[in-house]
Amino acid sequence: MSSASYNFAYLSEQTKRMIRRALLKAIAIPGYQVPFASREMPMPYGWGTGGVQVTAAILVPEDVLKVIDQGADDTTNAVSLRSFFVKTAGIATTEATAEATVIQTRHRIPEAPLTENQILVFQVPIPEPLRFLEPRETETRKMHALEEYGVMHVKLYEDIAKLGQVATTYAYPAKVAGRYVFDPSPIPKFDNPKLDHNPALQLFGAGREKRVYAIPPYTSVQSLDFEDHPFEIQKWDHTCALCGSDDSFLDEIITDDKGGHMFVCSDTDHCRATQEQK
Amino acid sequence: MYVAVKGGEKAIAAAHRLLAEKRRGDVAVPELGVEQIEQQLALSVERVMNEGSLYDRGWAALAIKQARGDLIEAAFLLRAARTTLTRFGYSTPIATEKMEITRRISAAFKDIPGGQILGPTFDYTHRLLDFALAEPGEPLAPAMVSELALEPPVRVLDLLRQQGLIEAATQTSTSPEDLTEAPLNFPAGRDLRLQNLVRGDEGFLLALAYSTQRGYGRSHPFAGEIRFGSIEVMFTPEELGFEISIGEIAVTECDMINQFKGSTEVAPQFTRGYGLVLGQCERKAMSMALVDRALRCEELGEERGAPAQDEEFVLSHSDNVQATGFVEHLKLPHYVDFQSELAMLRQMHAEIAAKKKAAAE
């Protein structure tokens, strides 16, 4: 089989229709995990098969695709997934957040604000926010149906009682449209405020777990917290060593074996744009 | 300085190039042919066909070559290829009672109608390294094969069934569900459970089956019948409207006889566990039958407590392509999440240090 013999964006039209139906349902019930018949993809489970299937199902030839991992366009898996869509869909790609119509991401939301003309596709490892409190799917589905989220608040409370603060720093649970508690995928909680009332459509794909879910544009997403312990995001004592940003998520780079380190933007496009402005 | 940290395209291309070189190995050694793998590593090919969920010996052999002999990686390659294939429909259920038998044994009776046929088996070999195989040998004279009965032999469990000593084989539904076409939901029917087990990792099923023998969900099994042979696959194309044969496949079937169920009122009957796999994968067919029986605990009114009896646990973790993907994805960068944890830990350290300082003053 040559790559020329594959359908546009790899998946058959039948498969894409099946995924689109699941996505439509997901958009109609914000934050609800919709089961879908996830396919084996030519990259391993855990490498973004859910996100890849969602992207493949929504791409049209006119789209401009951006793929990031850890906020960066040049991390190995982002490079690999981008080249997959170039090969199988002949799609135009970009590193500039503003130019992209579809952005597939792992672990970050771009720093630049998104628009109504953009779709953000998240790669999700474990879609179930309650999974580490209750391993059984049969139980967690019931808990969602009954809106029984007490255990999650108890977990957050126990963190505060034991450690003085909520110890969840990424994949921080939030409530969508006042109904479903959902897992925003392992983005840092720094990114959680960007989920709320975002003009872009946000789609989430979990391939191995066979679930998709969605946050429609301008939908309320409230990170779980307590009145006396309001939700807070990470802060740094540093600014980016390359562009000087003081409002972006910073990666730590260890520079020598004597404790030397520097902090740089995890979002490479944001860092480039800020440097160019200067 | 910082640029060196991010690798990307060039590094990937160079790694793939190196992988190809390692795959080939020493060029002074002749390259392995796909036909050689298909013929001489047939049991690897058959394992990969089961876990890759596709009956294609040539593609499975190619996958094994491409994967450098890593059978889980090979199964993964086959699954990914399978995704792209068009589905024409479902075949008529194969009639294993019509199997052209190569091997057939029963551990329940000394002799059975149709006889015990050992066939190609490691069972009674002495596991002594055969150094003669280190060098290519002369072609062998054809092996003696007993004359096959004209009629396929009746199943051993059907003989017991005629006497009412074993439960009937249940037919759960006329059109079985297909977990490659719909997401798995719980509770799953027995049809979905069996499909999941066929695709499941042989090692995982073996360990679960073994655990039932060691008391974790014990079911007192007897190997009622194990048969290996080939069978025609029949299919009715819509445009023809009648059944045609589309080829032959080799399968191994295992009927396990398990502890009886009944009471003083209802005459006790033995119960069943069933395994069916592609090719000659006996270990897997037997493991599958034991796990199938363990998973029937609720249906048979038994207490559920052992791992092998826990449907959600077994079916959610049996797929090695899923499992290896998620375990190995830990190799992907997690800088952002790790940084989040690091920042929190440092903040906690700072708070404790500040508290100690305040207390000391």
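**View 1. Antiparallel pairing of strands β6 and β7 in chain A of the predicted model.** Strand β6 of chain A, which covers residues 174-176, pairs with β7(A) in the antiparallel sense over 3 bridges. Within this pairing, A:Ala174 has A:Phe182 in β7(A) as its bridge partner. The two strands belong to an open sheet of 3 strands in chain A, ordered β7-β6-β10 with antiparallel pairing. Its edge strands, each pairing on one side only, are β7 (180-182) and β10 (221-223) of chain A, and neighbouring strands of the sheet are turned by 30° against each other on average, direction ignored.

**View 2. The crossing of helix α3 of chain A with helix α1 of chain B.** The axes of α3 (residues 76-89) of chain A and α1 (residues 9-24) of chain B come within 9 Å and cross at roughly 80°; since angles of 65 to 115 degrees count as roughly perpendicular, α3(A) and α1(B) are therefore roughly perpendicular to each other. On the α3(A) side, A:Thr76, A:Val79 and A:Ser80 meet B:Glu9, B:Ala11 and B:Ile12 of α1(B), and the residues of this contact divide into 3 nonpolar, 2 polar and 1 charged.

**View 3. The largest nonpolar core, with the surroundings of B:Ala60.** This core has 109 residues, and those with the most contacts inside it are A:Leu23, A:Val212, B:Val48, B:Ala60 and B:Val291. Helix α9 (residues 282-295) of chain B gives the most to this core, with 8 residues. Leaving aside neighbours within four places in sequence, B:Ala60 is in contact with B:Val45, B:Val48, B:Met49, B:Gly52, B:Ala74 and B:Leu78.

**View 4. A second, separate core of 10 residues.** Among the residues of this core are A:Cys240, A:Cys271, B:Tyr335 and B:Val336.

Conventions: Residues numbered from 1 in each chain as written. Chains lettered and ligands numbered in written order. Predicted model: local features only at pLDDT ≥ 70, side-chain atom pairs only at ≥ 80, totals over all residues. Core = buried A, V, L, I, M, F, W, Y, C linked by C-beta atoms within 7 Å. Buried ≥ 20, exposed ≤ 12 C-beta atoms within 10 Å, placed from the backbone. Helix = DSSP H or I, 4+ residues; strand = E, 2+ residues; numbered from the N terminus. Contact = placed C-beta atoms within 7 Å. Pairing = 2+ DSSP bridges. Axes fitted to C-alpha atoms, helices over the stretch in contact; angles between N-to-C directions. Parallel < 35°, antiparallel > 145°, perpendicular 65-115°, else oblique. Nonpolar A, V, L, I, M, F, W, Y, C, P; charged D, E, K, R; others polar.
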